[in-house]
Amino acid sequence: MNAIPLHHNPRAAQIRQTLEDLNGSSADIEASALVSIDGLLIDAAMPQGMDEDRIGAMSAALLSLGERTARELGRGRLERVLVQGEHGYVIMTAAGEEAVLTVLTRAEVKLGLAFLDIKRAAQVLGRIV
């Protein structure tokens, strides 16, 4: 799961800890990943069986399309992309200029609280990457 061994890279350890803290902030947050803006997975805290490469590519593409849509339709700077499925949400937000934080939640999630936790984590991650 880790491209760089955590014990050799304090930055990688900070990223992993931030993702794990976000997942632990609510039982409704099931997984999180930090993806570069070109779609490469930086790190993820996800259950086994999830395709991290696919999540990376989709996250970068959706965030880019969301930014363009918000700008061209006069909505200002993009805050997040929200995809709602019958089993929960995929929430993406920028983490600095170079990365995207993608979070998977259960359908029952309290979105306001999740948005707050995600925003805090994105700010921390944006300072790290």
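**Entry 1: the sheet**

In what order do the five strands of the open sheet lie? I keep in mind that I am reading a predicted model. I found the order E2-E1-E5-E4-E3, with antiparallel pairing. At the edges I noted strand E2 (41-45) and strand E3 (81-85), each of which pairs on one side only. I also looked up the angle between neighbouring strands of this sheet: on average they are turned by 15 degrees against each other, direction ignored.

A reminder to myself: strands of a sheet pair through backbone hydrogen bonds, either parallel or antiparallel.

**Entry 2: two strand pairs**

I started with strand E1 (residues 29-36), which runs antiparallel to E2 and is joined to it by four bridges. I picked out serine 32 and found that its bridge partner in E2 is alanine 45.

Next I turned to helix H2 (residues 52-72), which packs on the sheet. H2 touches E1, E2, E3, strand E4 (88-94) and strand E5 (99-106). The direction of H2 makes about 65 degrees with that of E4.

How many bridges join E3 to E4? I found five, and the two strands run antiparallel. E3 and E4 form a hairpin, with two residues between them. Within this pair, valine 81 stands opposite methionine 92 in E4.

**Entry 3: the largest pocket**

I then searched for empty space. Rolling a probe the size of a water molecule over the atoms shows where such space is left. The largest pocket came out with a volume of about 550 Å³. It is lined by 20 residues, and the closest to its centre are Arg77, Leu78, Glu79, Thr93 and Ala94. The elements that give two or more residues to the lining are H2, E4 and helix H3 (111-128).

Which element gives the most to this lining? My answer is H3, with five residues. I sorted the lining residues by kind and got nine nonpolar, four polar and seven charged.

**Entry 4: salt bridges**

Side chains of opposite charge can pair when their charged atoms come close. My search of the whole structure turned up five salt bridges. One that I wrote down joins the side chains of arginine 16 and aspartate 43, at 2.6 Å from N to O. This pair links distant parts of the chain: arginine 16 is in helix H1 (residues 10-24), aspartate 43 is in strand E2, and they are 27 residues apart.

**Entry 5: a residue in a loop**

Where is glutamate 98 found? I located it in the loop between E4 and E5. Leaving aside neighbours within four places in sequence, glutamate 98 is in contact with Val35, Ser36 and Ile37. I also checked glutamate 98 against glycine 126: they are 28 residues apart in sequence, and their C-alpha atoms are 7.8 Å apart in space.

Conventions: Residues numbered from 1 in each chain as written. Predicted model: local features only at pLDDT ≥ 70, side-chain atom pairs only at ≥ 80, totals over all residues. Heavy atoms only, no water. Pairing = 2+ DSSP bridges. Axes fitted to C-alpha atoms, helices over the stretch in contact; angles between N-to-C directions. Contact = heavy atoms within 4.5 Å. 1 Å grid on protein atoms, 1.4 Å probe; cavity = no way out; pocket = protein on both sides within 12 Å on 5 of 7 lines; lining within 4 Å. Points joined across faces, edges and corners; volume = space filled by probe spheres on them. Nonpolar A, V, L, I, M, F, W, Y, C, P; charged D, E, K, R; others polar. Salt bridge = Lys/Arg side-chain N within 4 Å of Asp/Glu carboxyl O.
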